[in-house]
Every structure is written in structure tokens, then in C-alpha cells.
Amino acid sequence: MLAVPTSNTAFAAERFSYEIKSGDTLAKALNAAGMSGQQAYKVNQALAQHLDLKSIKPGQIVQVEKNIDGVGGKSASSTSASYRVLLDLGFAGMAEATLVNDSTVSQYAQLVPQIRTVSVEFTVSGSVIDSAVEAGVSPEVILELSETLESQVDFKRDFAGGEDISLRYEEAIYTYGGQRKRIPRAINAASVQTSKGLFEVNRIGEGDEQKLVISKNGKIVLSLFLPVHDARLSSAFGRRKHPVLAGWMMHKGVDFAANRGDDVFAVAAGRVTLAGREGGFGRVVRLSHANGMETIYAHLSEINGRLKPGSRVQQGEKIGEVGRSGLATSNNLHFEIRKGKESLNPLKASTMEKLDNAPALAVQD
Ligand SMILES: [Zn+2]
């Protein structure tokens, strides 16, 4: 437990910061910050209308600001102090709930971040991660870059030192409790010089269409129609430690970390074979395409109500919304491509060619 009282005359008389430990509930954190059982209950209820509080994870930070003088300048007795509760939601940002005069008003808001574009260039010296951090880049950005280029570049072996890396991505900045929290968004452009050649990553297109294009020495090696836009690639295809089931297992698709409710698009024209619940996939849409190809979109929060087995779907058509249904630890899209029973790596050129070469699926450009 971490309960550190600080003072800030600008807003609150007292501030507490609590780091969630394994087995903790939000109510426990609020109690530790000095809120009564009833006050904690009220805040819990207010947040539970918008968030899945069972998903609170160790390491998440809860901040509680206690304002003795009341919110909005109204004076209140010391027994009816106002509280502002800030919950760190990781990549989803920050949530805020305000309790005024003990129990009368509860407000909920998802804090609006300031967005800035980061363009950075650095030269590798030592490990890529260390060089990036020194240049002010979050480790998550390099993780995403290495997952994106997994089939092409070995981030442990392909750098001897002296290689140049440039990156462009957006960053959401949250200011709360006198602190700044930076959350990187998807990489829009990157160029990576390695002993194997120059690799470039670009996210291109607008509207219903967004593609991830990877090139090597100026020649396109992969063009993936993205099922969710502006989302970070959070886990690539292959043998991974499973976040929920703990042990090592084969990750049969790729994951895109996105916000709950973000649109999910069909990556190719096809026909619905399933639009409903299926085990660990949660709410899922399965599409069949020509040549025995299949695409799978899992952990959805919503499925387009029009979709029924047999429905036709166009490339770029919205089929649902991002969520965390089934075996998922956070809002993300698990995207899979299969041929028959075999799962193929969506980030491999050969996979996309199979999908693109299917007669009914001609890509427009
Ligand atoms: Zn997955």
C-alpha cells in the first residue's frame, strides 16, 4: 500500500496516492485514502456504471483529492468534505469521479488528454530500448515497433550500434494531481536501419481504409488492411506468454490495443459464418473468404446487428466494436487469419497475398 499525503493549495487540501496490489478492490484503496465505507460505496457505484471494476489490476494508481472547502467554492463542514477520485486506466487514459458533500452528487468523466505528435530520431548505442528511452521514447513504442517488424528484424541481434531509427507517433498527455502521464498511440511512421537493410513502416489511408505498409530498401514487403484504425499492435503472432492463462502458448493472431467502442472493419470482402459468442473469443465475428481463407475478430463489445450467418460483408465494412469480452485482460482486438484449420501470421506477406489473391477480394489499389 502506498498512501502519501501531499498538499496542494490550488485545488485540494489533501491528496493520497494508492497503488493497487494483488487482491485489492477500489473500495479498499478509497478506504485507505480516508473515505468512509459509504463514500467509497458511492464512488464505486458511480465508476461501475462506466468501467468494469473487476478488471482493476495490480500497479494501477488511484489518486484521491480531499477538498475540505467543498467543490465549486461552496463551503462545507469538515464532515462533508468533497473528494475527487482519479483512476489510472493504463492505455485507456484516466477516469475521474467527484463526490460532493458526502453523498449528494457523483460525477464521472473520462479525462480528455492533450494530443501531441512526436517526431524523434536517434542512433542506436547499446540496446535499442535504452537508446530509445534516452531519446525520450516510451519503451511501449519500441515494443510495438519490434512486434510490427517481427518477421523482418530481430531487435536483439540485428543492431551492432550506430544504426539510425526515426519514429513518428501521437502521444496523449494527461495532467492530474500535479503529474503528467504520457500514453503513446500507434506508430504512424518509422524507419529502421539495420545490418539487413532499411525497413520502413507507414500507416496510410483515411476514412474506412487504413493500411499498415512495411517496406525493405524501398520495396513494399507487406500491406495489411487494418481491422481497427490508429490502434497499437500490442502482440504479434507466435509463441507468447498468455496474459490470462499464464503459461506459454501459441498466439494464433495479432492483437491491437484500442479503446472500447472503436470501430472494427472487415479486412476483405466475405461472408459471415459466425456473429455471436464463442468461448475465450467472447463476442466474435468470423468471415469466410475465397480459397478457404477465414478472418476472425474477437473480444468485441458490440457486433453489427445486421450480421447473420450467410450475410455478405464488404471490405472496410464495420462489423463491430472493440471490447474485452471472453479471455481478454484489456480492450483489444484479437485478429486472426486462417486457411482451413491452420492459423497464418497476418504480418507475413505470403498470408496477405493469399487473402488478396482470392478472386472475390480484389484490393482496390
Ligand atoms: Zn490475441
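Leaving aside neighbours within four places in sequence, which residues is Leu149 in contact with? They are Val192, Phe199, Val201 and Ile214, where contact means that the C-beta atoms of two residues, placed from the backbone, lie within 7 Å.

1. This is a predicted model, in which local features need pLDDT of at least 70 and side-chain atom pairs count only at pLDDT 80 or more, while totals for chains, interfaces and linings use all residues. Residues are numbered from 1 along each chain as its sequence is written.

2. The protein has a mean pLDDT (the predictor's confidence in each residue, from 0 to 100) of 84, and 85% of its residues reach 70 or more. Residues 1-12 have pLDDT below 50, with 26 contacts in the model beyond near neighbours in sequence. Residues 359-365 stay under 50 and have 12 contacts beyond four places in sequence. Where pLDDT is low, the predicted coordinates should not be read in detail.

3. Leu149 sits in the loop between helix 4 (139-148) and strand 7 (164-176); helices (H or I, at least four residues) and strands (E, at least two) are DSSP runs, numbered from the N terminus. Leu149 counts as buried because it has 23 C-beta neighbours inside 10 Å; the cut-off for buried is 20 or more other C-beta atoms within 10 Å of the residue's own, with C-beta atoms placed from the backbone. Lys348 is 199 residues from Leu149 along the chain, and their C-alpha atoms are separated by 9.8 Å.

4. Strand 8 (residues 179-194) pairs with strand 7 in the antiparallel sense over 11 bridges; pairing requires that DSSP finds at least two bridges between two strands. Ala190 in strand 8 is the bridge partner of Leu167.

5. Strand 8 also pairs with strand 9 (residues 197-204), in the antiparallel sense, over six bridges. A hairpin of two residues joins strand 8 to strand 9. Val192 stands opposite Phe199 in strand 9, and both residues are among the contacts of Leu149.

Terms used:
A residue is buried if 20 or more other C-beta atoms lie within 10 Å of its own, exposed if 12 or fewer, and partly exposed in between; C-beta atoms are placed from the backbone.
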